[in-house]
Amino acid sequence: MTRRTTWLVVALSVVAGYRLQADVGYERLLNAAREPRNWLLYSGGYSSNRYSALSQVTPANVKNLELKWMYQAAVAGAWQTSPLVVDGIMYLTQRSNDVVALDAKTGRAFWIYRYPLAPDLLVCCGANNRGLAILGNTLFMGTLDAHLVAIDAASGHPLWNVKVADSKAGYSLTLAPLVVKDTVIVGVGGGEYGIRGFVAAYDARTGKETWRFSTIPGPGEAGFESWAPCQPASGTYCDSEAWKHGGGSVWVTGSFDPDLNLTYWGVGNAGPDWNADQRPGDNLYTDSVVALDADTGRLKWHYQFTPHDRYDYDSVQVPILADITWNGGPLKAMLWANRNGNFYVLERATGRFLAGQPFVKVNWMSKFDEHGRPIQTPQPPGMPTWPGNQGGTNWYSPSFSPRTGLFYVSAWENYATVFGGTAVQYQEGRNFGGGVNRPHVPVPGAPAPGLRRGPINNWTEAAATGAVLALDPATGQQKWRFPMTDVTDSGILTTASDLLFTGGREGYFHALDARTGALLWKASLGSQIVSGPITYEVDGKQYVATISGLSLCVFGLRDSIP
Amino acid sequence: MVTLLLFFAAVAGTVQAPEYAPADIAYGAQLYSAQCSTCHGPNGDGVGGVDLRSGSFRSASTDQDLARVITTGVPGTGMVGFKLDPPEVAEVVAYLRNMNTFDAGAVKPGDGARGRMLFEKNQCARCHRVGAEGARVAPDLSEIGTIRSAGSLQRSLLDPNSQMMPINRPVRAVMRDGTVINGRRLNEDTYTVQLIDDHERLRSLNKADLREYTILTTSPMPSYKDTLSSGELADLVAYLLSLKGR
C-alpha cells in the first residue's frame, strides 16, 4: 500500500440476519441477469443494457410506488454514482471518494470508508465518481487522484491501493471499474489536461497491473500515423509531438462479451479539445470505441465516431451489447447513441459499421461514406454547430430492453454551440482546451446548458430541451419520444414489465410505458437526477432507486396493495 | 484606489475577434483610466515589456483568459486581482481588444443624474422596480448594473426583443374555464410553469390544467430608438449602470 488510508466502521452487524460476506464470484457476474434481485455491475450486467428481469412493479401498479427510504450525502455536488446491490446490501460511492454500505431494505448504514484526497486535485468537471465494481468479497473504486483501491465489502477496510497514473499531470479515475475474470479494468479521465489516455487491467487480488492499452498510439504502433506532424505557422502553436498530449480519456465503464472475450470501451475527446489544427490527422483512438482482448488488452478492432474532432464529442457512452435481428438474421450488435448526435449499429465481433443516422439535429457532418466514415461539414466561423458542446447525449446510461427490442437514450434537442479554436501550448497540469466557445442562444449572454444546474431553468427552451427517445435499432427511427422542458443527464432503466424509469434536471423521477412512452407515474424529488436508476429485490419486494441532488431515494410498492 | 496592472506581453496565439459593443468599449475605457492606467499608462505601455495595444498577451489568449487575469491576477508579478462586477470585466476586456482604434475623445460619457430624471420622465417604474419603488411586472432593475454591461443596456433600450432573457418571456395561459392569465415567466418545467402575473401575483400553473399556453418572444417594452437622443440614451445607461443594489 502506497498511501495512508483511513476507514471508519460506523456500525457492523447492526442488522441481524444480514451476512456481510458478498461472495460474488465471476460466474455470478457472468450470469447477473439470472439473479435480478441483485445489481452486480455498474450497468447491471456485462451487456450494459441497464435492463432488469424484475416485474413486480408493473404499468398497472406503478402508481402505487411510494418512498421507502432516503439516504442523504453530506457533500454537495452532482452525485453521479450508480449503486451495486448484493444480497440485501447496497454499496455505493459518494463524493468525493467515500464508499458506503447500506441495508438495501432500510437505508441504514453498516460502514463508511473515506478515502483521503489531497485538496489540490486536478479534475476538470467536478469531484465525480460513478460507482464500484465487486468480485468475491472485495469492492473496487477508482479515485480522483488516479489510484485504484480494493476494499473489503464486509468491513469497509482497504485491502490494497495502487497508483494508476500521475494525478499532477491531470489524470483521475471517475468511472466505476469493470471486473472481468480475475482482473479489474479501469480507464483514466483528464482529457482537458492533455493526458495520454489508457485502459488498464489489474489483478483483483494483488493490484498488480496485468495489461495496459494506450488510447493514443505511440511511434511504431498502428494508428500512430493518424497523428500527423503539424506545420509551423505564424500566429498559432504547433505541437510536433501532439500525440503525447492527445487526450483519449476513458471515464465511463465499458462492456464485455464473454463469447468473444472482448471488452469494449468508449474513448474521449482529443486534446486540445477545440483546436484541431494543432493535431492534424484522424487522431486515433479518440472519439472511438475500442474492442480489446480481455486477457491481453490487445486491440481487436476500433471504430472512430468523430475523426479529427473539434467539438469535444467524447465517445464515452456505455456500449450496449444487444442480440438483435438485422436484415432478417441474428446479429451480435453494439448499439451506440453518440455525443456527436448519431445513433450507430456496429457488428461487435468485427467493428463493422452497419448503420448510423442522427437522433438529434446534426450539421457537423452531412452523411457517411461506404465505410461508415462521416463526411464532415465544419460550419463557418461564428455559425452554430449542432449538437452543441455537451452533445446530443453524453455519458448518461442508455438502456436496451430485449422485450421491446428498443434502445432508449436521454437526448438534448435543439442545442448548438459556436465553436472557435485557439492556440494552446501544453503545460503539465494546465487546462488544455484550446477553444473559445459560446452557446448558441437568442440573447447575447443568456444562460445556456452547461455542466451545472440550479433550481431555476433560466436557459429554457430557447437554448435546448430534453427528451427520452426510443429508437428502433433496425431502422434508427424514433418509436416514441417523451419530451422534457429542461435537458436531462439522467440514465435510463427498463424492466421486464415494460417499465422505463428515468429522471432529469427538473428533479422529476418518471415511470414511462417502455412500449409507448406514456407517462405512468412521477415523483418530484427536488433536485437534478444525474445518475442511472437501478432496481433490486429484498425479501420478495422490488425496489427502484435513484439519486436526486444529495438524496438517494428508494421506492417500493405500498405494502397494503398487492 | 486600487490600480489595475495588467501584466501581459506578446506571445500566445491568435483569437478570432468577437463583436464588442461601442458602449462596452467606452465604459471599459473609463474603467481602464480609473483603475489600470496608473501602472499600465494611458497607452498601455507603462509596464516594461508589456504593450497592451499589441493585441496579444503573455498570460491570456481568450477573453475568458483576460477576464480571469483581471479578476485573479498573475501570481508572482505586480498584477493583482480586481474586484469588479462581471459586466465591468467584460467592458475592460472590450476596451483592451480595441485600444488601438478607440478614440476616447469622441465619446461623451453619460450623466447618471440626468439619466435618473429620464427614468422618471419616461415612467419606467410603471413596469420596472428599483429598490422599494416601482412595479414588479417587468424584471427588477435594482442590481442591473452588476448584471448587464453598458452595451447590453443600450441594446435593451433600442431593441428590447434582442436582449430579453428567455426566462423572462411573457406567457399567456388560458385555464380550462376560459380564465386568461398573462404574466412574466419565472421558471418552467415539463409539467408546471411559475410566473408573476400582471397583477403582481406569484402563480404556479399545472400545464395539464391549461387549455392554452403561449410563450411570447416579443418584449412588452417599447423601443426608445426614436424617443431618446443619443445623449439621453447615454445618460439613461449611466443611471442604470449605477444601480448595483448596494
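These are my notebook entries on the predicted model shown above.

**Conventions.** I numbered residues from 1 along each chain as its sequence is written, with chains lettered from A and ligands numbered from 1 in the order in which they are written. As the model is predicted, I required pLDDT of at least 70 for local features and 80 or more for side-chain atom pairs, whereas totals for chains, interfaces and linings use all residues.

**Entry 1, domains of chain B.** I looked up the division of chain B and found domain 1 (22-106), domain 2 (112-162 + 223-241) and domain 3 (166-215); the bounds come from an automatic or database domain assignment. The centres of domain 2 and domain 3 of chain B, taken over C-alpha atoms, are 26 Å apart. Five residues of domain 2 of chain B contact five residues of domain 3 of chain B (contact: C-beta atoms, placed from the backbone, within 7 Å). On the domain 2 side I noted four nonpolar residues, no polar residues and one charged residue. Here Ala, Val, Leu, Ile, Met, Phe, Trp, Tyr, Cys and Pro count as nonpolar, Asp, Glu, Lys and Arg as charged, and the others, Gly among them, as polar.

**Entry 2, strands of chain A.** I traced an open, antiparallel sheet of four strands in chain A, ordered E15-E16-E17-E18. Strands are DSSP runs of E with at least two residues, numbered from the N terminus, and two strands pair if DSSP finds at least two bridges between them. Strands E15 (255-257) and E18 (299-304) of chain A each have a single partner strand, so one side of each lacks a neighbour in the sheet. I then followed E17 (residues 288-293) of chain A, which is joined to the antiparallel E18(A) by five bridges; Val289(A) has Tyr303(A) as its bridge partner there.

I also checked E29 (residues 465-471) and E30 (residues 478-484) of chain A, an antiparallel pair with six bridges. Ala467(A) stands opposite Pro483(A) of E30(A). Six residues lie between the strands of this hairpin, in which Gly476(A) takes a positive phi near 75 degrees.

I found 157 residues in the largest nonpolar core, and Tyr91(A), Leu132(A), Ala133(A), Ile134(A), Val179(A) and Val184(A) have the most contacts inside it. A core joins buried Ala, Val, Leu, Ile, Met, Phe, Trp, Tyr and Cys residues through C-beta atoms within 7 Å; buried means that 20 or more other C-beta atoms, placed from the backbone, lie within 10 Å of the residue's own. Strand E26 (residues 406-413) of chain A gives the most to this core, with six residues. Leaving aside neighbours within four places in sequence, I listed contacts of Val184(A), including Ala133(A), Phe140(A), Leu148(A) and Tyr202(A).

Key: Two residues are in contact if their C-beta atoms, placed from the backbone, lie within 7 Å. A residue is buried if 20 or more other C-beta atoms lie within 10 Å of its own, exposed if 12 or fewer, and partly exposed in between; C-beta atoms are placed from the backbone.
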